Amino acid sequence: MKPVFFIIISLLLLPLLASCSKQKVYIVYFGEHGGEKALHEIENSHHSYLLSVKETEEDARASLLYSYKHSINGFAAVLTEDEASKLSELEEVVSVWPSHPRKYTMHTTRSWEFVGISEEEEEGNYWTNNQMGGDFLSKARSGKNIIVGVLDSGVWPESKSFSDVGMGPIPKSWKGICQSGVGFNSSQCNRKLIGARYYLKGFEQNYGPLNASEDSRSPRDMDGHGTHTTSTVAGRVVPNASAIGGFARGSASGGAPLARVAVYKVCWAIPGASKAEGNTCFEEDMFAAIDDAIADGVDVLSISIGTTRPMNFTEDGIALGALHAAKKNIVVACSAGNSGPAPSTLSNPAPWIITVGASSLDRTFMSPVVLGNGLSIEGETVTPSKLEENKMYPLVYAGDVVNPGVAQNLTGQCLAGSLSPDKVKGKIVFCWRGAGMRVSKGMEVKRAGGVGFILGNSKANGVEISCDAHVLPATAMTYSNANRIMEYVNSTKNPKATIIPARTVLNTKPAPYMTAFTSRGPSTIDPNILKPDITAPGLNILAAWTEADPPTKLSMDHRVAQYNIESGTSMSCPHIAAAAALLKAIHPTWSSAAIKSALMTTAGIRNNLDKLLNDESGNAATPFAYGAGHFRPTKAADPGLVYDASYKDYLLYFCSTGVKNFDPNFKCPRSPPTAINLNYPSIAIPKLNGTITIKRTVTNVGDPKSVYFFTSKPPLGISVKASPSILFFDHVGQRKSFTITVKARTEMLNENQLKDEYAFGWYTWTDGPHIVRSPIAVSL
């Protein structure tokens, strides 16, 4: 029986032994450097920690992927769960967590004119005031000598957007490098593109060696996303630029066209997957990039990367890296994500990050469908292909022309392989949005022999239309217009239609509105911080593109584009990074928190019809979609007052969340201020119980002698009062504190009103010329 007993015990132990021996990448984080060790001493220290859990020195050295040693103190290594657990028990270790690969999805000629900072102003533009835009760019010198770092999929250095013609010497503050690689030579950096690095140790640890047919072992962008975001931040002015087919033609420019850019390639093609599905970015690679960017001397970081599952700040590489950046006064802008319109879906919610939502422009690309009954129904597209003029084509609904075996709930989706060529050939096909990618639906119609297709929004997408350069004549429609198409198809035996080629239309109204895809608050990590912070254009944005990837990113698409139209919070984030760069040029001594405050408290909450911002369905939008509002950079240059916060304030915030050992040079007080009292330009109160009093402090950056008066529009059933309600300033830089008392007015509430639901309002300080507005969100 002993041998049998031994076998049974062995079998029971197998799962345990397997879990102990299974290795993956963990990040071991010690917080801030003490400042007393040289770089080689820090790396040796990290090696000694690994040696304490590994069997041999060879194992310890082989397991180390990155040693973070500039500002961030920590390392990334291949560990078993047991080894990671042992390290996490050490007193000096802040946190240990497994690497979280982040898959980004699509998370500009018109943008800057729309917000009022192009050289040529439009009379009546809601966001500008006469010639403020030109003055603003002039004061900021178009971001000259500000260095913007971009974490993304790399850069296409040959793009005209990165020309250095006429640019002066590289700023002396720059300490970075231009890293050569496959298909990318260090000489391709210049006085505009001053730095480029790439990071793939985490990627290769997970997937194995990079496939050279899918991506380039270099800073070169083979995807398009990185080139698009980088040129949106700081691309040079390029006359007569347009998307493929001539759409959105005009002078393409980044928001800070004379700023310098440094690119950190951290996102890579997923092996065996279509690039249209997005890239993947590993946390250990991003952590290393942020550590280098801080040491390199960037002034602003633009990070259009996030996850659909927010993580605690002590296990979030972007959040922790951004905090180290904040200590160096580097402004960090991050995309909120593309998981809307469901609530509590946003990523990057740390209070030291500017979290950016996405809204629309006042530009559309109108491409109507003319039906056989003569009715014309509006659509939008940037598809260059055209149908034969004055010819009507048979029109079919995808659900009526599918192959056998397609699931009933997917019949109208035009998914790959779903359509029957016998039933589709020579026809226009109507498909619904939902499952699958928009561009892939067009490819499926083309595969089945269709001559064109109409893409109808689902109810969730409402009026938001993301335009694509489809591989065949196509147009996209709002939900209501899509239903009109379906009504026509069902009303006649022989439905016919044609798609009219698109034309660019400016000054459309209402604009902006919040997109359906933009991720919403409240934050699930800390609902005491109202997120997102702000919104910016993220729908149908034109910017530079890689010539290594077609505009649709589909392998069957062989077109080449120098500029492309994309949508996502990935596109809105670099708008805010650019605005931050311009503000930093005007106010070089302002902290990153002051710049964030200036952008937030001057943001607008009305559209070009002077009505409150709407969402994609035409309903009133809330601060959980737009934060403080739509950015107005010309007003942010002179905000009057700012809500400042220092690195120490963020450490105190950490103390309030229970993190005690982040910085060896800082000791948490016995009673740290509560998280809600972080000096933030907005207020969020989850589950208000009676009355709460909140402290805030403002710094005068406007007129030396000024008097500010408090006003508020409180949330329904809530009273909001300030003490004092008048602030007197007699010099610039003077700080004044006040308290805001928020009280539930039970006599105005129904029994179930606001229960676990939020109501919204705002409060302002104004001296006449300046209106300093802060949003409020309260739930009971």
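At what angle do α10 and helix α18 pack, and how far apart are their axes? The angle is about 145°, with the axes 9 Å apart. Angles here run from 0 to 180 degrees between N-to-C directions, and axes are lines fitted to C-alpha atoms, for helices over the stretch in contact. Keep in mind that this is a predicted model, where local features need pLDDT of at least 70, side-chain atom pairs count only at pLDDT 80 or more, and totals for chains, interfaces and linings use all residues. Residues are numbered from 1 along each chain as its sequence is written, and side-chain values use heavy atoms, with hydrogens and water left out.

- Helices (H or I, at least four residues) and strands (E, at least two) are DSSP runs, numbered from the N terminus.
- Helix α10 covers residues 317-327, and ten of its eleven residues are buried, so the rest of the structure largely encloses it. Buried means under 20% relative accessible area, with a 1.4 Å probe and protein chains only.
- Among those buried residues are I318, L320, L323 and H324.
- D316 caps the N-terminal end of α10, with a side-chain oxygen 3.1 Å from the backbone nitrogen of I318.
- Just past the helix, N329 takes a positive phi of about 65°.
- Back to the pair: α10 and α18 (residues 647-656) pack together. On the α10 side the contact (heavy atoms within 4.5 Å) uses L320, L323, A326 and K327, and on the α18 side Y647, Y650 and F654.

**The open sheet**

- Seven strands line up as β18-β17-β23-β19-β20-β21-β22, and their pairing is mixed. Two strands pair if DSSP finds at least two bridges between them.
- The edges belong to β18 (376-377) and β22 (474-477), each with a single partner strand, so one side of each has no neighbour in the sheet.
- β17 (residues 369-371) and β23 (residues 496-499) run antiparallel over three bridges, and V369 has I499 as its bridge partner in β23.

**Helices on the sheet**

- Helix α12 (residues 438-447) packs on the sheet and touches β20 (428-432) and β21 (452-456), with its direction at about 145° to that of β21.
- Helix α13 (residues 479-489) also packs there; the strands it touches include β17, β18 and β19 (393-397), and its direction makes about 130° with that of β20.
- In α12 the buried residues are V439, K441, G442, M443, E444 and V445, and their cover includes α11 (421-424), β20 and β21.
- Just after α12, G449 has a positive phi of about 95°.

Notes:
Buried < 20%, exposed > 50% of the residue type's maximum accessible area, 1.4 Å probe, protein only. Polar contact = N/O pair within 3.5 Å; in protein donor to acceptor, adjacent residues only side chain to side chain.
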